[in-house]
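Visitor: Please walk me through this model, with the criteria stated as we go.

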Amino acid sequence: MAQIEIKNLSFKYKTSDKETLKKVSLCVEKGQFIVVCGKSGCGKTTFLRCFKPQIRPAGNIDGMIYYTGENMEEMTDEDQAKKIGFVMQNPEHQIVTDKVWHELAFGLENFGEKSEHIRAKVAEIAEYFGITDWYYEDTDCLSGGQKQLLNLASIMVMGPEVLVLDEPTAQLDPIAAEKFLDILKKINEDFGITVIISEHRLNYVLQKADKMLILDMGQVEKYGDVREIVKKGLYMDIEPLMPVPSRIFGKSIGQGEVPISVAEGRRWLENQGKIQNKKAGKVIEGIETPKKKDRKTLDFQYSVVCKDIWFRYEKNGRDIVQGLNLTVKRGEIFAILGGNGAGKTTTLLLLSKILKAYRGKLKIDGKTALLPQNVQILFERETVSEELGHISDKLIKEMKLEGLMRMHPYDLSGGEQQKAALAKILLKDPDILLLDEPTKGMDNIFKEELGRLLKSLAARGKTIIIVSHDLDFCGEFVDRCGLFANGSLISISDVREFFVNNRFYTTTVAKLAREIVKNAYKMEDIIC
């Protein structure tokens with residue numbers, strides 16, 4: 001008997017005229033690791049939330065979900081909470097207490113477990129996850145990666161049989177994301193817990209998976225063995241969603257087994273030998289490599305000037321930003337990179353003048369607009385149309401919002417919410433755009449559209465400053481990068497030079513990109 005059996009599952013939001021899920025049917029065996037992917041808005045989040053009726057969105061549902069033969073709708077709330085754990089995209093949305101150890105104990109306390117049992121289980125899970133060093137820390141002092149790890153540990157302490165995760169690494173830096181996924185696979189192997197995860201970072205997660213599910217317009221497009229699905233996907237319109245090594249494999253002769261990870265991609269390149277240099281300049285990894293800038297050179301002047309900026313949140317607290325010196329030109333796209341807790345978001349808040357430095361000088365030439373990391377705080381109305389007011393038809397078309405105007409903003413997918421929020425701040429016609437993780441929740445197709453839009457805005461003289469963990473996006477679309485660490489800007493350079501020099505930070509996909517450049521292409525012809 002399958003652990004989970006889904007039969008003809010359909011779902012429609014109350015604010016939408018079309019079904020988000022359409023007769024989805026599949027079986028999940030105990031202990032499997034399943035990756036769910038698809039274009040933004042394909043129904044991934046809605047599908048995953050259907051496994052937890054308590055957090056399922058408001059709407060009309062049809063079809064059945066059986067858990068070990070029992071209708072999930074008939075399971076008690078306690079059984080659902082214990083047996084099926086859910087990790088959300090935003091770590092902040094799941095933490096409910098003030099201390100780490102309180103958070104670990106919260107679930108067991110609500111089940112009425114005895115104090116001795118709670119103490120023993122919490123201590124055990126803290127050791128397993130390696131979080132004993134911050135056992136007594138305040139939860140609001142943790143980094144994004146630590147918070148997400150705490151969320152996972154808080155669920156595991158209750159002994160679930162299934163883990164459902166909705167883009168759990170979306171707000172984590174690349175290194176923290178890898179560590180999180182490593183622990184998730186260890187849990188899967190050590191305890192035989194079934195894992196169902198939606199994820200855009202396929203380059204690392206697919207090597208851990210048994211099966212892959214691709215959703216398209218709310219329907220099952222493909223479901224089965226990972227390598228088989230990836231190989232088929234390379235010749236479909238979902239090709240941009242596939243891992244970078246797989247896409248490179250597909251654009252070549254494509255002989256042998258399709259690589260699905262960075263390590264496999266490197267080995268495949270070594271086996272294939274060097275590709276002829278005449279192929280340099282073609283689209284690889286979704287990156288076009290023009291010889292010249294694809295936008296006109298502007299009469300640059302500085303839009304942002306920071307001189308020796310210092311900031312701390314508390315009078316006697318530590319400095320979050322330390323001696324920041326930065327200049328950004330008009331019409332430039334500048335990326336601020338670095339690990340969680342490095343001071344990147346705080347810097348954006350300083351540039352927007354929401355926060356004020358206690359030392360240093362800041363000059364802003366023009367009107368600013370900030371896209372926060374949590375874009376939901378920008379939404380106040382019942383529909384996207386009301387949120388955007390008198391938005392021009394041209395901008396609606398340019399951002400592909402036509403089919404979303406009648407929907408409630410909270411009913412949109414993560415990528416769609418990002419687009420709607422960006423459209424809202426563009427209505428103010430700002431001179432300087434401050435974007436905090438603008439590609440969060442977006443698939444590669446949406447990212448390409450966003451990148452082209454940002455380049456178009458920059459060509460019109462808009463200055464764009466991005467905080468991002470998305471190395472691929474920055475490598476393709478920004479002009480310069482700055483690396484933050486412990487509140488300081490420790491490295492700043494042209495994007496090409498940045499990715500070559502900062503080898504220890506730019507790991508994962510960017511690392512493979514450098515290998516491709518080294519083995520196959522002329523450095524001067526590609527920005528990696």
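Guide: A definition comes before the rest: helices (H or I, at least four residues) and strands (E, at least two) are DSSP runs, numbered from the N terminus. The model is predicted, so local features need pLDDT of at least 70 and side-chain atom pairs count only at pLDDT 80 or more, while totals for chains, interfaces and linings use all residues. Residues are numbered from 1 along each chain as its sequence is written, and side-chain values use heavy atoms, with hydrogens and water left out.

Visitor: Which element gives the largest share of the lining of the largest cavity?

Guide: A cavity is a set of points, on a 1 Å grid over the protein atoms alone, where a 1.4 Å probe fits but cannot get out, and its lining residues have an atom within 4 Å of a point. The lining of the largest cavity includes Gln418, Leu422, Phe446 and Leu453, and the elements that give two or more residues to it are helix H14 (414–426) and helix H15 (444–459). The largest share, four residues, comes from H15.

Visitor: How many nonpolar residues are in the lining of the largest cavity?

Guide: Ala, Val, Leu, Ile, Met, Phe, Trp, Tyr, Cys and Pro count as nonpolar, Asp, Glu, Lys and Arg as charged, and the others, Gly among them, as polar. By these classes the lining of the largest cavity has one polar and three charged residues, and the nonpolar ones number seven.

Visitor: Which residue in E4 stands opposite Ile6?

Guide: Strand E1 (residues 4–13) is joined to E2 by five bridges, and Ile6 stands opposite Leu26 on that side. Eight bridges join E1 to strand E4 (residues 59–67), again in the antiparallel sense. In E4, the residue opposite Ile6 is Ile65.

Visitor: Which residue takes a positive phi in the hairpin of E4 and E5?

Guide: E4 and E5 pair over two bridges, and the bridge partner of Tyr67 in E5 is Glu70. The hairpin has two residues between the strands, and the positive phi, near 45°, belongs to Thr68.

Visitor: Why is the pair of Phe47 and Phe51 called edge-to-face?

Guide: Rings of Phe, Tyr and Trp (its six-membered ring) pair if their centres lie within 6.5 Å, and planes under 30 degrees apart count as stacked, over 60 as edge-to-face and the rest as tilted. The structure holds eight aromatic pairs. The rings of Phe47 and Phe51 have their centres 5.3 Å apart, and the pair is edge-to-face because their planes stand at 80°.

Visitor: Is Tyr313 buried or partly exposed?

Guide: Phe311 and Tyr313 form an edge-to-face pair, 4.8 Å centre to centre with 85° between the planes. Buried means under 20% relative accessible area, exposed over 50% and partly exposed in between, with a 1.4 Å probe and protein chains only. Phe311 has a relative accessible area of 6% and is buried, whereas Tyr313, at 48%, is partly exposed.

Technical notes. On a 1 Å grid over the protein atoms alone, a cavity is a set of points where a 1.4 Å probe fits but cannot get out, and a pocket is an open set with protein on both sides within 12 Å along at least five of seven lines; lining residues have an atom within 4 Å of a point. Two strands pair if DSSP finds at least two bridges between them.
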